[in-house]
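Please consult the sequence and the model alongside the text.

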Amino acid sequence: MSVIKALPDAIIDQIAAGEVVERPASALKELMENSLDAGAKTISVILTNGGTGVITVRDDGMGISKDELTISLERHTTSKIKSEIDLREIKTLGFRGEALSSIAAVSILLISSRTANQDHGWEIRSEGGKIFDIKPTMINGGTNVTINNIYYNTPARRKFLKNPSTEFGHCEGVFKTIAISNPEVSFLMMHNGKEKWNLKPNSQSERNDQILGINFRDNKLQISEKFAFGSISGEISSPNISNPRREKQYFFVNGRYIRDRVINHAIKTAYHDVLHHSRYPTYVIQLQLDLNEVDVNVHPAKTEVRFAKSRAIHDFIRKSVLKALSTPVVFDRKKQKNREDKLNFQSDLTNLNSQARLYFKQASSQDSLKPSNQNENHLNSSKILRSNRSTNDFPLGFAITQLAGTYILAQNKLGIILVDIHAAHERLTYERLKLEFQQESVKTQGLLVSAPIKVSSLELSAVEDNKITLKNLGFDFTCVFPDVILIRAVPSFLKDADVEKLFLDTVNEIIDFGSSTITTEHCNTLLSTMACHGSIRANRKMTTLEMDRLLREMESTPRANQCNHGRPTWHQISYDEIDKIFLRGR
Ligand code: ADP
Ligand code: MG
């Protein structure tokens with residue numbers, strides 16, 4: 001027979017502590033959040049052995065008075081909320097009142113603190129949750145919390161600590177997350193006597209660069225949008241840079257760092273078009289929501305939230321990221337920097353898109369990239385435009401020649417440019433198809449001779465189930481035999497493609513989706529597959545006119561910096577870099 005007995009308080013405390021204080025880094029997070037809630041402007045973190053030895057957090061916040069010191073170590077004691085109403089509108093990072101007591105239960109804890117109206121500070125010492133003494137101490141103001149030997153009294157847990165460098169990695173992750181979301185606060189971090197971070201107060205954008213480095217600084221795009229019950233702002237990486245893991249992703253809801261599936265999905269699908277699915281973008285995004293639109297009381301570590309209008313928030317985030325990603329071609333800031341003519345160039349950039357569009361209008365017909373002998377007039381107008389305009393007018397400059405059948409070599413003001421012809425054209429075709437598809441006006445081109453295509457029974461049923469989608473994508477067809485489909489028309493942009501491959505690849509893509517409903521995302525995948533078929537193949541000889549047109553079109557097409565699979569479409573080699581090769585100016 002089993003005997004049910006109440007657990008001793010000490011054990012209950014240790015179990016509860018496990019939830020909040022999973023590892024040294026979670027204790028560090030709680031202490032730093034307490035400092036921020038206390039209004040600190042300077043926070044110093046001192047660690048030994050990745051936090052498995054000592055974790056000290058020192059702040060210049062409002063401090064804790066003598067009486068409150070003892071109370072703060074009891075379970076569920078907090079100064080931050082008082083009633084259920086407060087719980088619905090939480091403005092502080094902490095509110096559960098369990099961090100200090102949980103940490104105290106599994107460590108030797110020392111807190112010294114002094115409020116503004118006290119003559120001197122007080123220090124409290126607790127071991128395994130048992131308060132030993134409280135005595136006067138010297139402290140200028142603010143609070144100093146030191147955790148010694150975390151899990152010293154729970155050997156089972158201590159055994160699961162990873163080596164100090166791994167634990168330090170987690171602590172540094174917490175530190176960076178908190179520093180990035182509080183740019184107006186100074187942060188210092190020391191580890192085993194060495195300074196790791198020293199961050200002075202800064203703008204949000206500069207703090208992002210401090211934490212994420214030069215690569216992010218030179219490749220970031222801005223987000224700033226408002227909507228009915230909130231707003232979003234932040235910086236995201238252009239697809240020029242990406243990471244193999246999710247590590248550099250910071251998303252904050254009302255200042256609180258969170259990890260959320262809805263948000264991850266929204267951002268991932270926004271990058272779907274420009275980044276390979278195994279790569280991750282970098283971002284720092286702040287979402288501000290009305291307090292009643294979000295519930296933060298979901299998880300002890302407070303890194304999960306619940307949205308009242310999850311779907312609307314998902315779509316809003318996705319749209320905002322998409323908008324930032326559709327910024328047309330501009331130069332890397334770092335490459336502009338060293339040129340003397342930097343300032344003139346800046347002003348050129350402001351007009352660049354309108355110029356590119358004008359040029360494109362004048363120099364091309366609706367169907368671009370036709371062989372030049374069908375557009376003699378265009379060749380002339382292009383020649384005139386080339387001679388009248390300097391290379392300064394266009395970011396991607398003018399074509400010089402085609403290299404190895406695969407690349408365009410162009411010259412612009414900063415140096416030379418290499419363009420991957422197939423990748424660039426694929427993006428342009430894809431963007432045009434998407435636009436037509438969104439406007440429900442995919443132009444079709446009848447085939448001179450209809451193309452009969454043999455299909456399997458699986459393919460046939462996919463075609464029958466998705467007739468409307470396929471028609472909207474620009475295909476016109478009838479089923480003539482149980483295993484033959486006759487294609488009468490294809491999207492105009494793809495009229496030169498191999499019709500059979502184009503159609504079958506599209507149908508098989510539909511089969512791969514494995515669901516009967518075709519979403520917008522699915523349609524984009526289909527259009528991307530189709531675009532690949534219509535793109536210029538390597539080794540097709542292009543005229544200078546055709547190459548120039550491609551450059552102009554890239555300048556005025558959103559997302560033209562990457563092909564549909566996220567690879568870059570062009571690369572600048574500046575004169576500075578060329579000078580370096582030849583050791584000039586040394
Ligand atoms: P919570 O943060 O959820 O309120 P904690 O257990 O983390 O719970 O802290 C308990 C209380 O101790 C806080 O509500 C706050 O009043 C006080 N406190 C903790 N750390 C600090 C600090 N660094 N400065 C001022 N007050 C603090
Ligand atoms: Mg707290």
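**Briefing on the predicted model**

Arginine 427 counts as buried because its relative accessibility is 0%, where buried means under 20% relative accessible area, exposed over 50% and partly exposed in between (1.4 Å probe, protein chains only). The model is predicted, so local features need pLDDT of at least 70 and side-chain atom pairs count only at pLDDT 80 or more, whereas totals for chains, interfaces and linings use all residues. Residues are numbered from 1 along each chain as its sequence is written, chains are lettered from A and ligands numbered from 1 in the order in which they are written, and side-chain values use heavy atoms, with hydrogens and water left out.

**Arginine 427 and its surroundings**

- Arginine 427 is placed in helix 15; helices (H or I, at least four residues) and strands (E, at least two) are DSSP runs, numbered from the N terminus.
- Leaving aside residues up to four places away in sequence, arginine 427 touches Asp273, Val274, Pro558, Arg559, Ala560, Gln562, Cys563 and Asn564, a contact being heavy atoms within 4.5 Å.
- The side chain of arginine 427 reaches the backbone oxygen of aspartate 273 at 2.7 Å. This is a polar contact, defined as a pair of N or O atoms within 3.5 Å; within protein, one must be able to donate a hydrogen and the other to accept it, and residues adjacent in sequence count only if both atoms are side-chain atoms.
- Serine 528 lies 101 residues from arginine 427 in sequence, and the two are 8.3 Å apart in space, C-alpha to C-alpha.

**Helix 15**

- Helix 15 comprises residues 421–438 and reaches 26 Å from its first C-alpha to its last, close to the expected 26 Å at 1.5 Å a residue; the expected span is 1.5 Å times one less than the number of residues.
- At the N-terminal end, aspartate 420 caps helix 15, with a side-chain oxygen 3.3 Å from the backbone nitrogen of histidine 422.

**Ligand 1**

- Ligand 1 is surrounded by 19 residues, and the closest are Asn34, Thr78, Ser79, Lys80 and Gly97; a residue is near a molecule if one of its heavy atoms lies within 4 Å of it.
- By class, the shell around ligand 1 holds five nonpolar, ten polar and four charged residues. Ala, Val, Leu, Ile, Met, Phe, Trp, Tyr, Cys and Pro count as nonpolar, Asp, Glu, Lys and Arg as charged, and the others, Gly among them, as polar.
- Asparagine 34 places a polar side-chain atom 2.8 Å from an oxygen atom of ligand 1.
- From the backbone, a polar atom of alanine 99 is 3.2 Å from an oxygen atom of ligand 1, and an N or O atom of leucine 100 lies 2.9 Å from an oxygen atom of the ligand.
- On its own, ligand 1 has 530 Å² of accessible area, of which the protein covers 92%; accessible areas come from the Shrake-Rupley method with a 1.4 Å probe, and for residues only the protein chains shown count as cover.
- Helix 2 (24–37) and helix 5 (99–105) are the elements that give two or more residues to the shell around ligand 1.

- The buried residues of helix 11 include Ile313, Phe316 and Leu325, and its buried residues pack against elements including strand 9 (220–227), helix 10 (261–271) and strand 13 (283–289).
- Helix 20 (residues 544–555) should span 16 Å at 1.5 Å a residue, and its end C-alpha atoms are 17 Å apart, which agrees.
- Eleven of the twelve residues of helix 20 are buried, among them Leu545, Asp548 and Arg552.

**Serine 492 and proline 136**

- Serine 492 sits in the loop between strand 21 (484–491) and helix 18 (499–513), and counts as buried because its relative accessibility is 16%.
- Proline 136, in strand 5 (residues 130–137), is partly exposed, with a relative accessible area of 49%.

**The chain as a whole**

- The protein chain contains 21 helices and 22 strands, and 49% of its 586 residues count as buried.
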